[in-house]
Amino acid sequence: TAYEIKECDWSSDVCSSDLNEVGLIVKQARELGITVPMFGGDGWEAPELIQIAGGDALKNTYYSTHFSPIQDTPEAQRFVAAYKARFNGKVPDAMAALGYDSAKILADAITRAGSPDPAKIKAALAATDLVAASGRTRMDAQRNPPKAAVILTVEDGKFEFLQTIAP
């Protein structure tokens, strides 16, 4: 809780939880005079966070995620435009981009496999190296996809893209 945070002499706090808890913790922390930077993960990603905590409380907070519609890459901007056109102007979030990228990665692997044979598709997936909405996806030797982290903050009550950090 924010009361526990206040008792510590920290220079920052990592608050990893869902947006409802995070929103209340950040709001309470700021009400208690705690001004240290707060960091979190993709559980923070929803407009409701700003409604719960309040835009002012979210100053000096940062979170990492997979995608931001504000990213200035051609792939991200093409995806955002297509998504908005399909869904009546709604802005896509990271889950929408990851779903799109997953389908694109699978379709690409099936095409490269040249066959519906599961073993060939599995081999093609292991050799994936594709740039899509959320950035580059490739597989390492253990078949893990090292991905860049997108860092966001809240400014003037709106999510703002800060930077992308590649692994």
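Biologist: Which strands each supply at least two residues of the lining of the second largest pocket?
Modeller: In this predicted model, strand E4 (129-132) and strand E5 (135-138) each give at least two residues to that lining, and the largest share, three residues, comes from E5.

Biologist: And how much space lies in there?
Modeller: The second largest pocket holds about 210 Å³, and of the 17 residues that line it, the closest to its centre are Ser134, Gly135, Arg136, Ala148 and Thr164.

Biologist: What about the largest pocket, what volume does it have?
Modeller: Its volume is about 370 Å³, with a lining of 19 residues, of which Pro47, Pro69, Pro92, Asp93 and Phe159 lie nearest the centre. Helix H3 (47-53) and strand E7 (158-165) are the elements that give two or more residues to this lining, which by class has 13 nonpolar, two polar and four charged residues.

Biologist: Switching topic, how many aromatic pairs are there?
Modeller: The count comes to seven aromatic pairs. In one of them, phenylalanine 67 and phenylalanine 79 have ring centres 5.8 Å apart and planes at 80°, so the pair is edge-to-face.

Biologist: Are those two buried or exposed?
Modeller: Both phenylalanine 67 and phenylalanine 79 are buried. The ring of phenylalanine 79 also pairs with that of tyrosine 100, with centres 4.8 Å apart and planes at 35°, so this pair is tilted.

Biologist: Where do phenylalanine 79 and tyrosine 100 lie?
Modeller: Phenylalanine 79 is in helix H4 and tyrosine 100 in helix H5 (residues 94-113), so the pair ties together parts that are 21 residues apart in sequence. Tyrosine 100 is partly exposed, with a relative accessible area of 39%.

Technical notes
Residues numbered from 1 in each chain as written. Predicted model: local features only at pLDDT ≥ 70, side-chain atom pairs only at ≥ 80, totals over all residues. Heavy atoms only, no water. 1 Å grid on protein atoms, 1.4 Å probe; cavity = no way out; pocket = protein on both sides within 12 Å on 5 of 7 lines; lining within 4 Å. Points joined across faces, edges and corners; volume = space filled by probe spheres on them. Helix = DSSP H or I, 4+ residues; strand = E, 2+ residues; numbered from the N terminus. Nonpolar A, V, L, I, M, F, W, Y, C, P; charged D, E, K, R; others polar. Phe/Tyr/Trp six-rings, centres within 6.5 Å; stacked < 30°, edge-to-face > 60°. Buried < 20%, exposed > 50% of the residue type's maximum accessible area, 1.4 Å probe, protein only.
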